[in-house]
Amino acid sequence: MIVDQRQADASLRGVVRSFAERQAQLGVDAVTSPLPARPDQFIEFYLQDRYRLSHDDRAASFAPEVVIVGPQSYRRTRLILSGSIHVFTIRFEPAGFHALFGTPMTALVNEGIAISDVIGPAGTDLRDAVMMACNFDERVGAAERWLRSKLDRLSPVDPVAFSAAALQRAGGRLSVRSLARGAELSDRQFTRRFERQVGLTPKLFARTVRLNAVLDAKVRSPCATWTELVHDAGYADQAHFVRDCRALAGGPPASFFAEWARGR
């Protein structure tokens with residue numbers, strides 16, 4: 001895969017994290033890759049061939065041309081890639097999509113929905129702006145201009161949004177109770193507001209952040225042992241990581257990673 005990445009402009013910080021573009025020529029041979037539970041929420045534009053997706057081991061279907069993807073709470077989806085892959089992605093901060101559009105993120109958990117079905121006709125303007133751009137830099141610029149035009153509808157900053165971003169930056173290694181106290185909320189109030197804005201409960205969000213941190217670290221350092229990576233991510237021991245991997249990725253680390261890494 002050829003990958004371009006860029007952090008969002010300062011005017012969008014706190015809402016949008018980054019932009020990315022992936023390209024590959026795979027031909028007729030399909031590459032399949034299972035997806036673990038993950039905290040990410042993003043909009044994805046298929047500039048050439050669309051991914052095919054199998055949910056819960058059912059028959060595969062094509063993704064929408066422009067799709068909004070919510071957080072995933074378990075290993076639900078398998079990607080099937082072939083042909084000419086060219087994908088542009090807008091990745092949001094944990095509570096960024098909710099802040100910008102007011103969508104209850106619980107409605108997007110484990111879903112990938114056509115953009116017009118979530119944000120209505122405005123999604124067509126974003127699609128056209130991105131699709132008409134000629135290169136990655138122009139696509140980033142077009143997306144940023146469209147996103148900035150929506151900032152006037154931004155919800156007031158909520159301490160839960162700060163907590164979610166802090167929890168992600170810390171790799172999931174913050175106490176939910178301490179975050180609730182910092183937001184001056186009870187544990188129950190904090191969890192309810194966090195779930196509405198982020199999609200997952202704080203504890204599940206933290207688990208998905210930590211699991212994906214280990215998987216990403218393994219991609220960057222393939223020679224590192226699982227024991228080293230698990231320790232660096234803050235797991236109590238490797239057995240704890242193995243349990244999380246089975247629960248959130250559907251299998252033991254080595255076998256899941258071998259399948260998952262094919263689609264990276």
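**A colleague's note on the pockets and aromatic pairs**

1. Let us begin with the second largest pocket, which holds about 370 Å³ of space. Please keep in mind as you read that this is a predicted model. The lining of the second largest pocket is made up of 20 residues, and those nearest its centre are G14, V15, A99, V157 and A161. Two elements, α1 (96-101) and α5, each give two or more residues to this lining, with α5 providing the largest share at 4 residues. By class, the lining has 11 nonpolar, 5 polar and 4 charged residues.

2. Now turn to the largest pocket, where the space comes to about 1,300 Å³. It is lined by 43 residues, and R38, D40, R91, D216 and R264 are the closest to its centre. Several elements supply at least two lining residues each, among them β1 (2-7), β4 (52-55), β6 (66-69), β7 (77-92) and α5 (159-169). Helix α8 contributes the most to this lining, with 6 residues. Sorted by class, the lining of the largest pocket has 17 nonpolar, 14 polar and 12 charged residues.

3. You will find Q41 in the loop between β2 (16-34) and β3 (42-46). Is Q41 buried or exposed? Its relative accessible area is 1%, under the 20% cut-off, so Q41 counts as buried. The side chain of Q41 reaches the backbone nitrogen of F97 at 3.3 Å. Leaving aside residues up to four places away in sequence, Q41 touches residues including V69, P71, R91, E93, H98, M105 and V198.

4. On to the aromatic rings: the whole structure has 14 aromatic pairs. In one of these, F88 and F136 have ring centres 6.1 Å apart and planes at 65°, so the pair is edge-to-face. The two residues are 48 residues apart in the chain, with F88 in strand β7 and F136 in helix α4 (residues 136-148), and the pair links distant parts of the chain. F88 is buried at 0% relative accessibility, and F136 is buried as well, at 9%.

5. Another edge-to-face pair is formed by W226 and F257, with 5.8 Å from centre to centre and 85° between the planes. W226 sits in helix α9 (residues 226-232) and F257 in helix α11 (residues 253-260), 31 residues apart, and here too the pair links distant parts of the chain. Both W226 and F257 are buried.

How values were computed. Residues numbered from 1 in each chain as written. Predicted model: local features only at pLDDT ≥ 70, side-chain atom pairs only at ≥ 80, totals over all residues. Heavy atoms only, no water. Buried < 20%, exposed > 50% of the residue type's maximum accessible area, 1.4 Å probe, protein only. Polar contact = N/O pair within 3.5 Å; in protein donor to acceptor, adjacent residues only side chain to side chain. Contact = heavy atoms within 4.5 Å. 1 Å grid on protein atoms, 1.4 Å probe; cavity = no way out; pocket = protein on both sides within 12 Å on 5 of 7 lines; lining within 4 Å. Points joined across faces, edges and corners; volume = space filled by probe spheres on them. Nonpolar A, V, L, I, M, F, W, Y, C, P; charged D, E, K, R; others polar. Phe/Tyr/Trp six-rings, centres within 6.5 Å; stacked < 30°, edge-to-face > 60°.
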